[in-house]
Amino acid sequence: MTKKERYAFVLNYFETHVPNAETELIYDNPYQLLVAVILSAQCTDKRVNMTTPAIFERYPDTAALSQATFDDLFPLIRSISYPNNKTKHLIGMAQMVMHDFNGEIPDTVAELVKLPGVGRKTANVITSVIHQQPNMAVDTHVFRVSARIGLTTNAKTPLQTELQLLKNIPKEKVHIAHHWLILHGRYTCLARNPKCEECGLRPACKYYQQLIKAQ
């Protein structure tokens, strides 16, 4: 199977079986999604979703969050990984949005990465989820699944993975392909014990073909 055929198979499978894939983070607007994504770094979406309601109740918008103090915000995210840094990042993010972007969450990767706590992955998530821009956020799931299936070749960094995926996935499908790969990695292509026997991507998966050969 050529790489072009592999991409076609994988994308067709996901389109057929997971046509409405979306983020599992719960949010109502760009501000809430940005807060949730910043909190989600090295933390589960489930834990984030348990934490954000109290934050949004007390700080319903960027203006309110920009006035928060560390001591007030920290208790609300104590259960999240790296709460000290994330508390500082959230307050700093809100203050910069108010000061530099007139209170509006930026809609470009170049502007978003200027905000505290926002790296390329987070910026890609915001722009692809909110604006359906053809940006590919690469987390551990996307990195692992892409390499295992054979969508990427010798990609050593998230950026290399991102660029290879963007080269081969049609622009109009990039924003949903991000969710397809994450969800596949979260529930089927697990890090330690991938559920190969129940995976519909076996005919196109390099990892699975190697397992067969090894038997």
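Start with the layout: the C-alpha centres of domain 1 and domain 2 sit 28 Å apart. This is a predicted model, and its domain assignment puts residues 30-131 in domain 1 and residues 136-214 in domain 2.

So how do the two domains touch? Seven residues of domain 1 are in contact with ten residues of domain 2. Together the domains bury about 630 Å² between them, and 54% of that is on carbon and sulfur atoms. There's a polar side to the interface too: four residue pairs are in polar contact across it, counting pairs with both residues at pLDDT 80 or more. On the domain 1 side, helix H8 (residues 120-131) supplies the largest share of the touching residues, six of them. By type, that side of domain 1 divides into two nonpolar, two polar and three charged residues.

Charge also shows up in the pairing, with two salt bridges found across the interface of domain 1 and domain 2. Have a look at Arg186 and Asp45, whose side chains meet in a salt bridge at 3.1 Å, N to O.

Now go to helix H2, residues 30-40. Ten of its eleven residues are buried, so H2 is largely enclosed by the rest of the structure. The buried set runs through Tyr31, Gln32, Leu33, Leu34, Val35, Ala36, Val37, Ile38, Leu39 and Ser40. What do they pack against? The partners of these buried H2 residues are helix H3 (45-58), helix H4 (62-66), helix H6 (83-100) and H8. After H2 comes Gln42, with a positive phi near 55 degrees.

Back to the salt bridges, of which the structure holds six. One of them joins Lys173 and Glu15, with the closest N and O atoms 3.4 Å apart. Lys173 lies in the loop between helix H10 (158-168) and helix H11 (174-187), while Glu15 lies in helix H1 (residues 3-17), so this pair ties together parts that are 158 residues apart in sequence. Lys173 is partly exposed at 21% relative accessible area, and Glu15 is partly exposed at 34%.

Another salt bridge brings the side chains of Arg58 and Asp72 together at 3.7 Å, N to O. Arg58 belongs to helix H3 and Asp72 to helix H5 (residues 70-73), so here the linked parts are 14 residues apart in sequence.

Then there's Arg202 with Glu197, closest N and O atoms 3.6 Å apart. Arg202 is partly exposed at 28% relative accessibility, whereas Glu197 counts as exposed at 61%. Finally, salt bridges with shared partners join Glu24, Asp45 and Arg186 into one network.

Methods: Residues are numbered from 1 along each chain as its sequence is written. This is a predicted model: local features need pLDDT of at least 70, side-chain atom pairs count only at pLDDT 80 or more; totals for chains, interfaces and linings use all residues. Side-chain values use heavy atoms; hydrogens and water are left out. Domain bounds come from an automatic or database domain assignment. Contact means heavy atoms within 4.5 Å. Buried area is the accessible area (1.4 Å probe) that two parts lose on being put together, summed over both. A salt bridge is a side-chain nitrogen of Lys or Arg within 4 Å of a carboxyl oxygen of Asp or Glu. A polar contact is a pair of N or O atoms within 3.5 Å; within protein, one must be able to donate a hydrogen and the other to accept it, and residues adjacent in sequence count only if both atoms are side-chain atoms. Helices (H or I, at least four residues) and strands (E, at least two) are DSSP runs, numbered from the N terminus. Ala, Val, Leu, Ile, Met, Phe, Trp, Tyr, Cys and Pro count as nonpolar, Asp, Glu, Lys and Arg as charged, and the others, Gly among them, as polar. Buried means under 20% relative accessible area, exposed over 50%, partly exposed in between (1.4 Å probe, protein chains only).
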